[in-house]
Amino acid sequence: MPLTIGATGVTAVEQNIRVIVTTLAYSVALDRGFAHVGAFIDAPTPYDVARLVADLTEAIEAKEPRVSVERISL
């Protein structure tokens, strides 16, 4: 789904969450802590999946304050 420049309301929130979820930490030059680490990619064990859910929850709530994460399904 392409980004909408100047998005507002729910569209902006959805777009921001999509960017946070698909961006790996250290890939944003001026904000190295943005998003999540992505360590689960090489070892998708139950522990890593739980860690991913925790990391995504933390990243979403930190970078998109209009959202309170209740549940993440993978």
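**A guided look at the model**

Guide: Let us begin with Leu-74, which is exposed because its relative accessible area is 66%, where exposed means over 50%, buried under 20%, and partly exposed in between (1.4 Å probe, protein chains only). This is a predicted model, in which local features need pLDDT of at least 70 and side-chain atom pairs count only at pLDDT 80 or more, while totals for chains, interfaces and linings use all residues. Residues are numbered from 1 along each chain as its sequence is written, and side-chain values use heavy atoms, with hydrogens and water left out.

Visitor: Which residues is Leu-74 in contact with, leaving aside its neighbours within four places in sequence?

Guide: Leu-74 lies in the segment after helix 2, where helices (H or I, at least four residues) and strands (E, at least two) are DSSP runs numbered from the N terminus. Contact means heavy atoms within 4.5 Å. Leu-74 and Leu-52 are 22 residues apart in sequence, and their C-alpha atoms are 9.6 Å apart in space. With the neighbours within four places set aside, the residues in contact with Leu-74 are Val-49, Leu-52 and Val-53.

Visitor: Is Gln-15 buried or exposed?

Guide: Gln-15 belongs to helix 1, which covers residues 9-22. Not counting residues up to four places away in sequence, Gln-15 touches Pro-2, Leu-3, Thr-4 and Ala-7. Its relative accessible area is 11%, and therefore Gln-15 is buried.

Visitor: Which residues make up the largest nonpolar core?

Guide: A nonpolar core is a set of buried Ala, Val, Leu, Ile, Met, Phe, Trp, Tyr and Cys residues joined through side-chain atoms within 4.5 Å. The largest one here has seven residues in all, namely Val-13, Ile-20, Phe-34, Ala-59, Ile-60, Val-67 and Val-69.

Visitor: How far is the backbone oxygen of Val-19 from a polar atom of the side chain of Thr-23?

Guide: Thr-23 sits in the loop between helix 1 and helix 2, and Thr-23 counts as buried because its relative accessibility is 14%. Between the backbone oxygen of Val-19 and a polar atom of the Thr-23 side chain, the distance is 2.6 Å.

Visitor: What percentage of the residues of the protein count as buried?

Guide: The protein has two helices and zero strands. Of its 74 residues, the share that count as buried is 26%.

Conventions
A polar contact is a pair of N or O atoms within 3.5 Å; within protein, one must be able to donate a hydrogen and the other to accept it, and residues adjacent in sequence count only if both atoms are side-chain atoms.
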